[in-house]
Amino acid sequence: MVVAIFEIEVKEGCMDEMESFLRGTLQDTRGWPGCYELSSFADLENPNKIMFVGKWASKETHQEYLEWRADPGPGTMSLDEVAPMLASEPIARYLAPAGF
């Protein structure tokens, strides 16, 4: 099990569109095989920064999900279509239990 932290920064004026996208998309994410839990958080200092913290079966499982999200097929917005709403490249980090 790993914890995947995925951080995005939304451009000024794009938060409503991003929220609409996320409300539909996060259902797919939470239903993805190997996604055990997913929560989202807004940065208190910069509410345009959103952090997603999820428990996944493995780093590879999360990366497989991101590959699918890059080109999910008709009727679902891809990462390329989301990119114009972002102020910078997303940041992904992976954490493993430290065991103490």
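Arg93 counts as partly exposed, at 36% relative accessibility; partly exposed is the range between buried, under 20% relative accessible area, and exposed, over 50%, with a 1.4 Å probe and protein chains only. This is a predicted model, where local features need pLDDT of at least 70, side-chain atom pairs count only at pLDDT 80 or more, and totals for chains, interfaces and linings use all residues. Residues are numbered from 1 along each chain as its sequence is written, and side-chain values use heavy atoms, with hydrogens and water left out.

Arg93 is in a salt bridge with Glu7, at 3.7 Å from N to O. By salt bridge I mean a side-chain nitrogen of Lys or Arg within 4 Å of a carboxyl oxygen of Asp or Glu. Glu7 sits in strand E1 (residues 2-9) and Arg93 in strand E4 (residues 91-95), 86 residues apart. Helices (H or I, at least four residues) and strands (E, at least two) are DSSP runs, numbered from the N terminus. Glu7 is buried, with 15% relative accessible area.

How many salt bridges does the structure hold? Four.

Another one joins Asp28 and Arg69, with 3.5 Å between the closest N and O atoms. Asp28 belongs to helix H1 (residues 15-31) and Arg69 to helix H2 (residues 59-70), so this pair ties together parts 41 residues apart in sequence. Arg69 is buried at 2% relative accessibility, while Asp28 is partly exposed at 35%.

Next, Glu37 and Lys55 form a salt bridge at 3.9 Å, N to O. This pair links strand E2 (residues 35-42), which has Glu37, to strand E3 (residues 49-56), which has Lys55, 18 residues apart. Glu37 is partly exposed at 41%, and Lys55 is partly exposed at 36%.
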